[in-house]
Structures are given as C-alpha cells and as structure tokens.
Amino acid sequence: MKTRRHSGAEAIQGKGWLLAHKWLLARRFSQLSILTVFMLGPWFGLWIVKGNLNASLTLDTLPLTDPYVLLQSLFAGHVPETSAIIGAVIILVFYLLVSGRVYCSWVCPVNMITDLAHWLRERLGIKSASNISKNTRYWLLGVTLLLAFAVSNIAWEAVNPVSMMHRGLIFGMGMAWIVLLAVFVFDFIISRRGWCSHLCPVGAFYSLLGTHSPLRVRADARAQCNDCMDCFMVCPEQQVIRPALKGAEKGIGPVITSPNCTNCGRCIDVCSKQVFHFGLRFNNSTDDTAENNKYENKHPNNKHTNQAT
C-alpha cells in the first residue's frame, strides 16, 4: 500500500479537490444553513424559524419537535401539546426514511467541532485510544430517560452540548464554552471520534430510528477496492464499512445496513475507485458481477487496477 500524507489524496488527484470533498461540503452547507436560519431571529429579528433544534415553529405554521426530547418529556410526566406531537411525528417519519443518524452528520452543529478535532488528530498523528465501548451511548440514552423520570424534568437538555451551543449563541456562551471545549479535547486527545461514536445519547437515539431506513450507502463496485483504507480512516463509525465492502465471500451484500452509519458520504468522497454511492437498501444481492461490469464500462482505464496493485 502506498504511503500518503492524508486520506483521499488519490481521490483528489483523480477526481479533483471539489469532487473529493463534495459530500463534506454539502454537509457543512446543511449544518451552517440550519444554524443560520435559527439565528436569524435572535440576531436580526428575521423570524423564519422560532425555537431551536429541540422544538421549533417555521413560518408560524410548521411545528417540528425532536422526538428524543418529546420522549424525555413523556418520561418526566409532562403532557405534550398537540403541536409538539405533530412536530415529532413529522421528524420521525423523515428520519425513518433517510436514516436517523443523518441528524448527526447533516444537522448537528457539534459535529463540526468533533470533525475538527478528528482532522487535527489525524494531521498531528495522535494515536491514543480509549477502551470505551460503542454501546456506552445506549446505556447513557437509557440513563437520560431514567433521569427524566426520576426528577420529573428533561435534565439531559441542561448539559446536552447541542442545546448548550444553541443557547450560548443566543444568550452568551458562558458554561457552553467549557462543555464544547471538553468535547473537543476528548475527541482530540483521549478517544478517536469519542463523543459521537461512543458517548452521545442523541446519536444512539437516532441510530435506533435508522435501523430499517431505505436510504443507504452502497459499495456496489466493491470488487474494484484496492485496500487503500481511505474509507476506513475517514469513517466516523469504522465498524460499519467492512461487512459491505469485504463480505462477498460470506454472502453479505454491498449495502451498509448498520444503523450507526451516519450517511455522511465521506467514504464516497475519498474513494478513488468510486466503490461507494448513495442508494437504497433494496436489491442487496451478493452477486457483484453486474455492478462490476457497469463500473468497468464507466471507468475503462481502471479495469485492471486491482491486478496491478
């Protein structure tokens, strides 16, 4: 395997910088646009959206409610208003269709902080790792619900980095700086993708929503993989890639079916062989012949890449 300065170098050389960062740029546009729409009211008096990511009202008409917050509210013994229930149903249907953890990579503003920590970590070659189980986030999810039940209050939202960041941008950061800095340092020094991939109960909740969602990343051209490991290095949930990418001999189809995939698209960006693409979870056949032929017809110059690698 060739030594490279960073993941995606071959993709940049073959596709150009813009196409090798297409989905990353789209995610940043989505995250910043959503955050800007929420800030237009408090900062400039332009109230397109009132509220925050927990609960909002768009154009004084469309209610949207975070179903995780609504669930905590129910555990706390609160009776939600009809508009809150309608808003939660709308969000539930959306994430059930597009994969719940799309929230983590396309909406959550804290993701920009954890991505920065990971980028610096990779550039500086920091190799420290923790032994925190990825299932810890599910235990913490349960704790937040039990805590809401015990204290009759949505206690988690008082320290949720996403909620604190949003409140801080409106009223002044205060303690939010400490919490966000702690998340950054944890990811930068202590654990690779530690917050999002090991601890965050919000991501745990949305992964449960994405268990059977139809929108998935597919590795249909997996026969063209040259084992460069770029997709593995950039993936925030590395364990989700291998079954689809290397599972042909075990009868596993090319669809990444794990609910922990965030559909961030970085594996698509950095793959110089264009193994990955967005698609549907259906037709998850283990017969790669048709897709391999389709790939070779589109990329005749790469037809014998694997043999030459």
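Start by selecting Tyr68, Phe94, Tyr95, Tyr103, Phe205 and Tyr206, a cluster linked by ring pairs (rings of Phe, Tyr and Trp, the last by its six-membered ring, pair if their centres lie within 6.5 Å; planes under 30 degrees apart count as stacked, over 60 as edge-to-face and the rest as tilted). This is a predicted model, where local features need pLDDT of at least 70, side-chain atom pairs count only at pLDDT 80 or more, and totals for chains, interfaces and linings use all residues. Residues are numbered from 1 along each chain as its sequence is written, and side-chain values use heavy atoms, without hydrogens and water.

The whole structure holds 11 aromatic pairs. Next, select Trp23 and Phe278, an edge-to-face pair with 4.8 Å centre to centre and 85° between the planes. Trp23 lies in helix H2 (residues 22–44) and Phe278 in strand E5 (residues 277–280), so the pair ties together parts 255 residues apart in sequence (helices, H or I, at least four residues, and strands, E, at least two, are DSSP runs numbered from the N terminus).

Go on to Phe94 and Tyr95, also edge-to-face, at 5.0 Å centre to centre and 75° between the planes. Phe94 is partly exposed at 44% relative accessible area, while Tyr95 is buried at 6% (buried means under 20% relative accessible area, exposed over 50%, partly exposed in between, with a 1.4 Å probe and protein chains only).

Last, select Ser191, in the loop between H9 and H10. Ser191 is buried, with a relative accessible area of 1%. Leaving out residues up to four places away in sequence, Ser191 touches Arg121, Ser130, Phe186 and His198 (contact means heavy atoms within 4.5 Å).
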